[in-house]
Amino acid sequence: MSAAPAPPLHSRGFRWLLLYRICTLLSYQIVAVTVGWHIYELTGDPLALGLVGLAEVVPYFCIAPFSGYLVDHLPRRKLGAAACTLLAINAGVLALIAAGGLSVHGTWPIYLAVAVGGIGRSFLGPVYNALFARVLARPQFGRGASLGSVVFQVGLVLGPAAGGVLVGWMGKPAAYAVGTGFALLAAATLLATPVSEPALPQQRGPIFRSIAEGARFVAGNQIMLGAMALDMFSVLLGGAMSMLPAFIKDILHEGPEALGILRAAPAVGSIMIALWLTRHPLQRHAGRVLLLAVACFGLCTMAFALSRHLWLSTLLLVLYGVCDGVSVVMRSTIMQLVTPDEMRGRVSSINGIFVSSSNEMGAFYDGVMARLMGLVPAMIVGGFVTLGVVATTARLAPRLRRLDLRELQ
């Protein structure tokens, strides 16, 4: 009988990698909350909030395939540190704009700074996922993915809460400056992480052929593709987070502190479920549980749209986060278990494109729908569409529906 694998936190390299991850998340989330409030203060237009997501996702999409290739062929820690430095520059420029240190007119400089941040962020996920497999043994991947999700969601709790508090108490320039500091700390942490990187390939194939190889790998794996597509379309069409500034001001009639609370609420739910999954990892009927969780995600979106009380909206977003957390842990575990080490950067970048499609393109979609239909009707329609996505995925991806994670280990 083989011995149980050591807990992932026994790995010093994994602990440092988690510190890098939470620092990048705190930087990104503080800046994201501040930008949302900044833009809505200037425009009062929910479509302008959607354009924030579009400004980030367009350069992200353009760079992400190449970032995955670079992570597979160049030193991973140096690339990650350079990306963190780019996030710091982005946040620093936004701080100068908010403080009046740069003489600009209109909102276009803010969108430009967000675009630069999108370029830097395209490297963060591939670097983390590639190094993840270098600091943990394969039997530790399941629990490691759950712990990584816990840290991810802690960042989603602390970052928005800190952003809302900083904006409300100290102003936008201070919030942006704190985001700059966390990005620089993430760069230093990654460079200090004790991890052995794989030998760099002596010969590199054509870059586009290499990128296509990663895309073919994902497209040929029904379980991985199904999990990614389910997450992407459900959040893209049924997410609620991008419209929170408009809901806070126009529906709930609260201030920036409430925005921080609501932005953090889904992460609280995700942390709870990720901690539970760390002790009780999904094995049998994992696919059915995933589909049920995403269906409940859509129902929570519809209920949130109808709420008129801050406490009820917060509770619904906690449940929303529980459902989303199941999808995050499942997708991460599947990706780590089925991806060869030499392709982790490219596969992770493709996963990042799916995730950013759901978040940033979803923000643009939500803004357009809110402009056309109004905030509440747009979210209710999005919830119904999410239920349709679940039914379609269950039919088109039977291997995902019948998934037992023990078959991948």
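Okay, let's start with Cys-300: its relative accessible area is 10%, so it counts as buried (under 20% is buried, over 50% exposed, anything in between partly exposed, with a 1.4 Å probe and protein chains only). Cys-62, at 49%, comes out as partly exposed.

Quick housekeeping. This is a predicted model, where local features need pLDDT of at least 70 and side-chain atom pairs count only at pLDDT 80 or more, while totals for chains, interfaces and linings use all residues. Residues are numbered from 1 along each chain as its sequence is written, and side-chain values use heavy atoms, with hydrogens and water left out.

For Cys-300, the nearest cysteine sulfur belongs to Cys-323, 4.7 Å away.

Now the rings. Phe, Tyr and Trp rings (six-membered ring for Trp) pair if their centres lie within 6.5 Å; planes under 30 degrees apart are stacked, over 60 edge-to-face, the rest tilted. That gives four aromatic pairs. Phe-14 and Phe-132 have centres 5.9 Å apart and planes at 80°, so they're edge-to-face. Phe-14 sits in helix α1 and Phe-132 in helix α4, 118 residues apart; helices here are DSSP runs of H or I, at least four residues, numbered from the N terminus. Tyr-128 and Phe-132 make a tilted pair, 6.1 Å and 55°. Phe-14, Tyr-128 and Phe-132 form one cluster, with Tyr-128 buried at 5% and Phe-132 at 1%.

Key:
A disulfide is a pair of cysteine sulfur atoms within 2.5 Å. Helices (H or I, at least four residues) and strands (E, at least two) are DSSP runs, numbered from the N terminus.
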